[in-house]
Amino acid sequence: MKIMRVEKTLVSSNRIDGFGHRPLLVVQDKVGGSRSVAVDAIGCIPGDWVICVGSSAAREAAGSKEFPSDLTIVGIIDHWKEN
């Protein structure tokens with residue numbers, strides 16, 4: 001699991017059918033850090049600190065073992081101060 005911060009929504013007009021209509025969000029592990037794209041399985045907003053899972057856990061958290069994701073948001077952190 002990783003702690004990351006939601007930066008913004010990623011709009012993608014073309015997707016493979018397997019993605020359906022699940023939101024995609026741009027996340028960062030720290031300010032100025034590298035960006036990743038995560039599937040939003042719970043309803044986050046920009047600025048939220050979240051818990052992300054990867055690999056097979058990401059696919060299952062997104063709804064199916066066949067889901068084409070390697071990073072899925074599974075929780076919103078209530079209180080977190082960045083170091």
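1. Two strands are said to pair here if DSSP finds at least two bridges between them. Strands are DSSP E runs of at least two residues and helices are H or I runs of at least four, both numbered from the N terminus. By that rule β4 and strand β5 (residues 71–76) are antiparallel partners, with 5 bridges between them. Within this pair V53 has T72 of β5 as its bridge partner.

2. Some notes on the basis of what follows. The model is predicted: local features need pLDDT of at least 70, side-chain atom pairs count only at pLDDT 80 or more, and totals for chains, interfaces and linings use all residues. Residues are numbered from 1 along each chain as its sequence is written, and side-chain values use heavy atoms, with hydrogens and water left out.

3. Confidence. pLDDT is the predictor's confidence in each residue, on a scale from 0 to 100. Its average over the chain is 84, and 88% of the residues score at least 70. Strand β2 (residues 24–28) has the highest mean, 94, while helix α1 (residues 55–62) has the lowest, 74. Where pLDDT is low, the predicted coordinates should not be read in detail.

4. Layout. The chain contains 1 helix and 5 strands, and from the N terminus the elements follow the order β-β-β-β-α-β. The 5 strands close into a barrel, ordered β1-β2-β3-β5-β4, with mixed pairing. From one strand to the next the twist averages 55°; axes are lines fitted to C-alpha atoms (for helices, over the stretch in contact), and angles run from 0 to 180 degrees between N-to-C directions.

5. Pairing around β1. Strand β1 (residues 2–10) and strand β4 (residues 49–54) run antiparallel and are joined by 4 bridges; here I3 is partnered with I51 of β4. β1 also pairs with β2 in the antiparallel sense, over 5 bridges, and K8 stands opposite V26 in β2.

6. β2 and strand β3 (residues 35–40) are antiparallel, with 5 bridges. Q28 has R35 of β3 as its bridge partner, and V27 stands opposite S36 in β3. There are 6 residues between the two strands of the hairpin, and G32 takes a positive phi near 80° there.

7. Burial. A residue is buried under 20% relative accessible area, exposed over 50% and partly exposed in between (1.4 Å probe, protein chains only). Of the chain's 83 residues, 33% are buried. In β2, 5 of 5 residues are buried. Both faces of that strand are covered, L24, V26 and Q28 lying on one side and L25 and V27 on the other.

8. The core. A nonpolar core is a set of buried Ala, Val, Leu, Ile, Met, Phe, Trp, Tyr and Cys residues joined through side-chain atoms within 4.5 Å. The largest one has 10 residues: M4, V6, L25, V27, A38, C44, V50, C52, L71 and I73. β1, β2, β4 and β5 each give at least two residues to this core. Contact is taken as heavy atoms within 4.5 Å. Leaving aside residues up to four places away in sequence, V6 touches L25, V26, V27, C44, I45, P46, G47, D48, V50 and I73.

9. Cysteines. The structure has 0 disulfides, a disulfide being a pair of cysteine sulfur atoms within 2.5 Å. The sulfur of C52 lies 7.9 Å from the closest cysteine sulfur, in C44, too far for a bond. C44 counts as buried because its relative accessibility is 11%, and C52 is buried at a relative accessible area of 1%.

10. V53 is found in strand β4 and counts as buried because its relative accessibility is 11%. With residues up to four places away in sequence not counted, V53 touches M1, A58, A61, D70, L71, T72 and V74. V53 and V74 are 21 residues apart in sequence but 7.0 Å apart in space, C-alpha to C-alpha. K2 lies in strand β1 and counts as exposed because its relative accessibility is 51%. K2 and G54 are 52 residues apart in sequence and 8.5 Å apart in space, C-alpha to C-alpha.

11. Contact range. Among contacts in the chain with a separation of 6 or more, 52% are between residues 24 or more positions apart.
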